[in-house]
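Colleague: I have a few quick questions on this model. Can we go through them one by one?

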Amino acid sequence: MSILKPKKIREMSEKEVEDKLKELKLDLFKEAGTKEIGGSVKNPGLVRETRRTIARIKTIKRIRGDKK
């Protein structure tokens, strides 16, 4: 999983953005499940960055929608 900056997200196609969003949400869901069953998160900072990247993607998608 990589952290995406806004410039990189804007360069991606709609399909790529959707796929990346699904991938990030799945990773976040897996980490939450691990935490829920009593496990420890391997990298807590990565969870935070994943949430932020999801927010970036959603924001850019909303802006793209407003332009069209």
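Colleague: What span does α2 reach from its first C-alpha to its last?

Modeller: This is a predicted model. Helix α2 has 23 residues. At 1.5 Å a residue, 33 Å is expected. The span in the model is close to that, at 33 Å.

Colleague: Which residue just after α2 takes a positive phi?

Modeller: Look just after the helix α2. The phi there is positive, about 105 degrees. The residue is G38.

Colleague: Is M12 buried or exposed?

Modeller: M12 is found in the loop between α1 (6-11) and α2 (14-36). Its relative accessibility is 17%. Buried means under 20%. So M12 counts as buried.

Colleague: Which residues is M12 in contact with, leaving aside its neighbours within four places in sequence?

Modeller: Two of the partners, V17 and K20, are among the buried residues of α2.

Colleague: What is the relative accessibility of T53?

Modeller: T53 has its place in helix α3. Leaving aside neighbours within four places in sequence, T53 is in contact with I3, L4 and L24. L24 is one of the buried residues of α2. T53 counts as buried because its relative accessibility is 0%.

Colleague: Which element has the lowest mean pLDDT?

Modeller: The mean pLDDT of the protein is 89, and 93% of its residues reach 70 or more. Among the elements, α1 has the highest mean, 94. The lowest mean is 90, and it belongs to helix α3.

Notes. Residues are numbered from 1 along each chain as its sequence is written. This is a predicted model: local features need pLDDT of at least 70, side-chain atom pairs count only at pLDDT 80 or more; totals for chains, interfaces and linings use all residues. Side-chain values use heavy atoms; hydrogens and water are left out. Helices (H or I, at least four residues) and strands (E, at least two) are DSSP runs, numbered from the N terminus. Buried means under 20% relative accessible area, exposed over 50%, partly exposed in between (1.4 Å probe, protein chains only). Contact means heavy atoms within 4.5 Å. pLDDT is the predictor's confidence in each residue, from 0 to 100. The expected span of a helix is 1.5 Å times one less than its number of residues.
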